[in-house]
Amino acid sequence: MSLDPVKVMSGQIKEVKVAPSSNGDSRGSWEEKEEFDQDHLGLSTKPKPPKPQNAVTVAVSSRVLFRTEREQKVFEQKGVEEYLRYQIEHENEPFAPGPAFPFVKALETVNARLRELYPESEELFDIVLVTYNHAHVGIRLINTINHHNLFIERFCMTGGSSPIGYLKAWHTNLYLSADADKVREALAEGIAAATMFMSEKLTEVSESQLRVAFDGDAVLFSDESERIFKAHGLDKFFEHERDNEDTLLDHGPLKGFLEELGKLQKKFYAKGQRLDCPIRTYLVTARSAASSGIRALKTLRAWGLEIDEALFLAGAPKGPMLEKIRPHIYFDDQMFHVEGAAEMGTIAAHVPYGIAQKHNHKHNTGGGK
């Protein structure tokens with residue numbers, strides 16, 4: 001299976017209710033849908049976005065939040081001027097949802113629950129839309145956001161420049177993009193980041209609970225153990241893990257994002273809602289439980305991090321397990337696992353970090369991760 005960040009997605013996200021829009025099965029415009037939350041004076045009552053330093057900031061590129069493959073083709077084939085003209089001519093047509101759309105909707109669901117419990121708190125998810133587009137395209141993006149009833153007030157339109165400096169200024173906790181080079185650039189700057197793809201099939205996902213699944217090595221943890229496995233094989237990997245059972249693994253690029261999820265989970269626990277928490281996290285790793293799993297679990301405990309469910313697959317395919325979990329997003333450093341998950345309908349994101357990037361075209365069926 002081949003994944004392409006601008007590939008047309010033929011599946012539908014059934015549980016996420018979206019209106020007809022361009023690039024989808026039918027066309028629509030804002031003239032058909034003008035719904036606003038209003039108070040008795042007719043004024044908008046949407047909440048204010050939190051201050052970046054208080055929030056869990058998730059930066060999402062327009063190419064993964066929405067489907068823009070048609071516009072991308074115009075840009076590639078006809079150049080920037082024709083692209084801008086096309087966008088202006090179609091600015092009253094909303095983009096269809098992209099692979100990050102269900103994830104963003106789930107973040108907003110969590111925010112709604114948090115505001116009910118903590119009306120004055122700014123410890124919320126804050127979503128920033130990041131795009132290389134010229135500001136002229138901003139009108140269509142704003143119209144699309146309003147059309148889909150998304151609460152995104154922060155935009156970063158760079159006009160072709162790299163957004164990484166802005167991501168640091170936003171205190172970004174996670175960056176999702178279709179541009180693998182920019183994702184690698186963000187990771188090099190210490191920002192958790194992953195590349196998202198359009199898939200031919202998408203599984204239904206929960207509308208009431210955010211589900212986030214992580215691989216272990218080179219995602220939550222460093223690639224230390226993965227390097228042993230790649231260099232010396234499975235037996236040496238198991239030996240290394242046994243010898244270092246009580247030595248903590250170093251942190252990986254997405255450890256910080258799991259920490260932020262954990263902090264928000266504890267706000268629900270403090271209100272007696274552990275069993276009804278709208279955030280659930282998963283570790284899905286090819287590690288074996290008895291031979292190499294204990295080090296991973298001890299590391300998470302020492303970090304003070306809770307993971308709701310841990311699946312040690314001992315090299316078995318991850319796709320079938322992810323199909324049962326139905327996460328809004330799954331993070332893995334190996335394209336082999338990302339493609340396998342996508343084949344089963346899971347929205348998977350690639351974390352281009354660690355030694356596995358030199359082996360991503362070779363299928364790995366062994367221990368490690």
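Here is a tour in stops, each with something to select.

A bit of housekeeping: this is a predicted model, where local features need pLDDT of at least 70, side-chain atom pairs count only at pLDDT 80 or more, and totals for chains, interfaces and linings use all residues. Residues are numbered from 1 along each chain as its sequence is written, and side-chain values use heavy atoms, with hydrogens and water left out.

**Stop 1: a pocket.** Select Gln72, Tyr83, Thr131, Tyr132 and Asn133; among the 24 lining residues of the second largest pocket, these lie nearest its centre. On a 1 Å grid over the protein atoms alone, a pocket is an open set of points with protein on both sides within 12 Å along at least five of seven lines, a cavity is a set where a 1.4 Å probe fits but cannot get out, and lining residues have an atom within 4 Å of a point. This pocket's volume is about 430 Å³, counted as the space filled by probe spheres set on grid points joined across faces, edges and corners. Now colour helix 3 (80–89), one of the elements giving two or more residues to the lining; helix 3 supplies the largest share, four residues. Helices (H or I, at least four residues) and strands (E, at least two) are DSSP runs numbered from the N terminus.

**Stop 2: a cavity.** Next, pick Phe197, Ser199, Ala342, Thr346 and Ala348, which lie nearest the centre of the largest cavity, among its ten lining residues. That cavity holds about 50 Å³ of space.

**Stop 3: salt bridges.** How many salt bridges are there? The count comes to 22, taking a side-chain nitrogen of Lys or Arg within 4 Å of a carboxyl oxygen of Asp or Glu.

Show glutamate 71 and arginine 140: their closest N and O atoms are 2.9 Å apart.

Then jump to lysine 298 and aspartate 246, a salt bridge at 2.6 Å, N to O. Lysine 298 sits in helix 11 (residues 289–302), and aspartate 246 in the loop between helix 9 (234–243) and helix 10 (255–269). Lysine 298 is partly exposed at 27%, while aspartate 246 is exposed at 63%.

Methods:
Buried < 20%, exposed > 50% of the residue type's maximum accessible area, 1.4 Å probe, protein only.
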